[in-house]
Every structure is written in C-alpha cells, then in structure tokens.
Amino acid sequence: MGIIGTIIIGLIVGLVARFLKPGNDSMGWIMTILLGVGGSLLASYGGQALGLYEAGEGAGFIGAVIGAIILLVIYGMVTSRKH
C-alpha cells in the first residue's frame with residue numbers, strides 16, 4: 001500500500017479510535033492521522049510479530065484501532081495540564 005493509502009487508513013483508524021475513546025480530544029486532523037498511522041503500525045506489526053494474525057486479516061484493523069486508542073490515551077496523559 002502506498003503512502004496515500006496509509007494516510008487514508010490512518011485517518012479512518014484515528015477517527016474510529018477518537019469515537020471509541022471517551023473524553024474530549026481537541027486535536028486536529030493531522031494529529032488524528034499521525035496517531036492513527038502510529039497505532040496502525042504499532043498494532044499491526046506487533047500483532048504479526050506475536051503471531052496473533054497475518055497481514056490483511058480483519059483482526060489487523062481491530063488491532064490498529066486498539067493501538068490508536070492506546071496512543072490517544074498516552075497522548076492525552078502527556079499533553080494534559082494540571083489545574
């Protein structure tokens with residue numbers, strides 16, 4: 001898959017992850033794409049390395065969404081400001 005396809009899948013994964021994760025995420029489209037692509041890469045290659053699924057399986061998309069949610073939580077903890 002080319003870079004444009006990766007960005008589109010990253011956007012979809014990022015949007016799904018933002019929809020599923022509770023709380024207010026006030027980030028823009030670029031950060032959504034970056035976290036989606038990062039979560040996708042993290043979970044896809046991690047799941048394949050652990051032998052959980054093969055490339056192209058539906059479980060890879062679910063894993064990518066879970067990876068993106070984890071990155072959203074970490075991003076939220078890092079950028080949160082103490083009141």
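The model is predicted: local features need pLDDT of at least 70, side-chain atom pairs count only at pLDDT 80 or more, and totals for chains, interfaces and linings use all residues. Residues are numbered from 1 along each chain as its sequence is written, and side-chain values use heavy atoms, with hydrogens and water left out.

Start with the overall fold. The protein has three helices and zero strands. Read along the sequence, the pattern is α-α-α. Helices (H or I, at least four residues) and strands (E, at least two) are DSSP runs, numbered from the N terminus. Helix α1 spans 3-20, α2 covers residues 29-49, and α3 covers residues 58-79.

An unreviewed UniProt entry annotates residues 27-46 and 58-78 as "transmembrane region". UniProt positions are given in the numbering used here, feature names are shortened, and annotations may be inferred rather than shown by experiment. In the model, residues 27-46 are 90% helix and 0% strand. The end C-alpha atoms of that stretch lie 26 Å apart.

Next, the packing. Of the 83 residues in the protein, 30% are buried. Buried means under 20% relative accessible area, exposed over 50%, and partly exposed in between (1.4 Å probe, protein chains only). A contact means heavy atoms within 4.5 Å.

The largest nonpolar core holds eight residues: Val13, Ala17, Met27, Leu35, Ala64, Val65, Ala68 and Leu72. Helices α1 and α3 each supply at least two residues of this core. The largest share, four residues, comes from α3. Such a core is a set of buried Ala, Val, Leu, Ile, Met, Phe, Trp, Tyr and Cys residues joined through side-chain atoms within 4.5 Å.

Ala68 sits in helix α3. Ala68 counts as buried because its relative accessible area is 1%. Leaving aside neighbours up to four places away in sequence, Ala68 touches Val13, Ala17, Leu35, Gly36 and Gly39. Ala68 and Leu41 are 27 residues apart in sequence, yet their C-alpha atoms are 9.2 Å apart.

Now follow the contact to Gly36. This glycine lies in helix α2. Gly36 is buried, because its relative accessibility is 0%. Beyond four places in sequence, Gly36 contacts Gly10, Val13, Gly14 and Ala68. Gly36 and Ile12 are 24 residues apart along the chain, with 7.4 Å between their C-alpha atoms.

Finally, the surface. The accessible surface of the protein comes to about 5600 Å², and 71% of it belongs to carbon and sulfur atoms. Accessible areas come from the Shrake-Rupley method with a 1.4 Å probe; for residues, only the protein chains shown count as cover. Ile62, in helix α3, is exposed because its relative accessible area is 53%.
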